[in-house]
Amino acid sequence: MDSSAPEQIGRYRVLGELGRGAMGVVYRAEDPLLNRTVAIKTILMSSDPAVRSEYEARFRQEAKAAGGLNHPNLITIHDIGREGDLAYMAMELLEGVELREMMKSGPLELPFVLDVLAQVADGLAFAHERGVVHRDVKPGNIMIVNGRRAKVMDFGVARMRASDIETQVGAVLGSPKYMSPEQVTGGKIEGRSDLFSLGVSLYQLICGTLPFQGESLAQLMFRIANEPHGNILKIRPDVPRCVVKIINKALDKDVEKRYQSGAEMAEALRRCAGSLRGEK
């Protein structure tokens, strides 16, 4: 085990490190109470007492909401707590591959992409119906287990990040390329914002590039809010019409013209996949 890793977090015995990001470290750990292996996501809290208090309150609120979600396409959260300067979340340990990693070896098969993103849309629909918005949907937050099952990770973490914006600006804006227009302009964020981000992910999985790019964060945010996304057919002329239609609808600047629910988007993805297989 990494010598820098704690031996214990709450009641959990740390077995090793799984990964790390801007906000903290994820460990593999053992829960001695229930005799199971879990993943522990740790978040280093701000040293400012006022920010810290709000941060922890939001963390608990969001983790509690996400912990109430029980769906086959959402990661299961078992427990939350605090250990010194760390807030932590104990969750289901997934043995699989992030969609982000799968993309690195080249374009993925179109039926596979449509299938897994329909599963993601199913999971988002379930969460949205219960008032939980993800806010950071992207291939790096989608795990593929057993080859085909999609699991959405990191529910609750994105909103918690916003409360620590003064000390963690870089982390808060860690995934701006996937943000919706209302996210970059400070508007109201709800379920349809997640569906925009899912549309960005679909575009990237199909085209191998992102729909909005900029030489600076300000330029990128301006383009997301004001400019049309890149023409899919210029990059991949062979993309089926139904796929182009789904992406265009998901990436509409006007939330009223997007898919209005994850269920609606999931149905469109499956209908498109069916048409490619020659189903009626």
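Author: A disulfide here is a pair of cysteine sulfur atoms within 2.5 Å. The model is predicted, so local features need pLDDT of at least 70 and side-chain atom pairs count only at pLDDT 80 or more, while totals for chains, interfaces and linings use all residues. Residues are numbered from 1 along each chain as its sequence is written, and side-chain values use heavy atoms, without hydrogens or water.

The rule finds one disulfide. C242 and C272 form it, with their sulfur atoms 2.1 Å apart. The angle about the S-S bond is 60°, and the link of C242 and C272 is right-handed. C242 lies in helix α10 (residues 241-250) and C272 in helix α11 (residues 262-276), so the bond ties together parts that are 30 residues apart in sequence. Helices are DSSP runs of H or I with at least four residues, strands are runs of E with at least two, and both are numbered from the N terminus.

How buried are the two ends? Buried means under 20% relative accessible area, exposed over 50%, and partly exposed in between, with a 1.4 Å probe and protein chains only. C242 is partly exposed, at 23%. C272 is buried, at 2%. Another cysteine, C207, is buried at 12%.

Now the rings. A pair of aromatic rings is described by the distance of the centres and the angle of the planes. Rings of Phe, Tyr and Trp (its six-membered ring) pair if their centres lie within 6.5 Å; planes under 30 degrees apart count as stacked, over 60 as edge-to-face, and the rest as tilted. The count is two aromatic pairs. The centres of Y12 and Y88 are 6.2 Å apart and their planes stand at 80°, so this pair is edge-to-face. It links distant parts of the chain: Y12 is in strand β2 (residues 12-20) and Y88 in strand β6 (residues 86-92), 76 residues apart. Y12 and Y88 are buried.

F196 and F212 form a stacked pair, at 6.2 Å centre to centre and 15° between the planes. F196 sits in helix α7 (residues 191-207), and F212 in the loop between α7 and α8 (217-226), 16 residues apart. F196 is buried at 0% relative accessibility. F212 is buried too, at 2%.

Charges also meet rings. A charge sits over a ring if NZ of Lys or CZ of Arg is within 6 Å of the ring centre and within 35 degrees of the ring normal. The charged end of R130 is over the ring of F126, 3.5 Å from its centre. That of K249 is over the ring of Y259, 5.3 Å from its centre.

Last, a sheet. Strands pair if DSSP finds at least two bridges between them. Three strands form an open, antiparallel sheet in the order β7-β8-β9. Its edge strands are β7 (96-98) and β9 (149-152), each pairing on one side only. Neighbouring strands are turned by 30° against each other on average, direction ignored. Three bridges join β7 to β8 (residues 142-145). V97 has I144 in β8 as bridge partner. Helix α3 (residues 110-129) packs on the sheet, touching β8 and β9, and its direction makes about 40° with that of β9. Contact means heavy atoms within 4.5 Å. Axes are lines fitted to C-alpha atoms, for helices over the stretch in contact, and angles run from 0 to 180 degrees between N-to-C directions.
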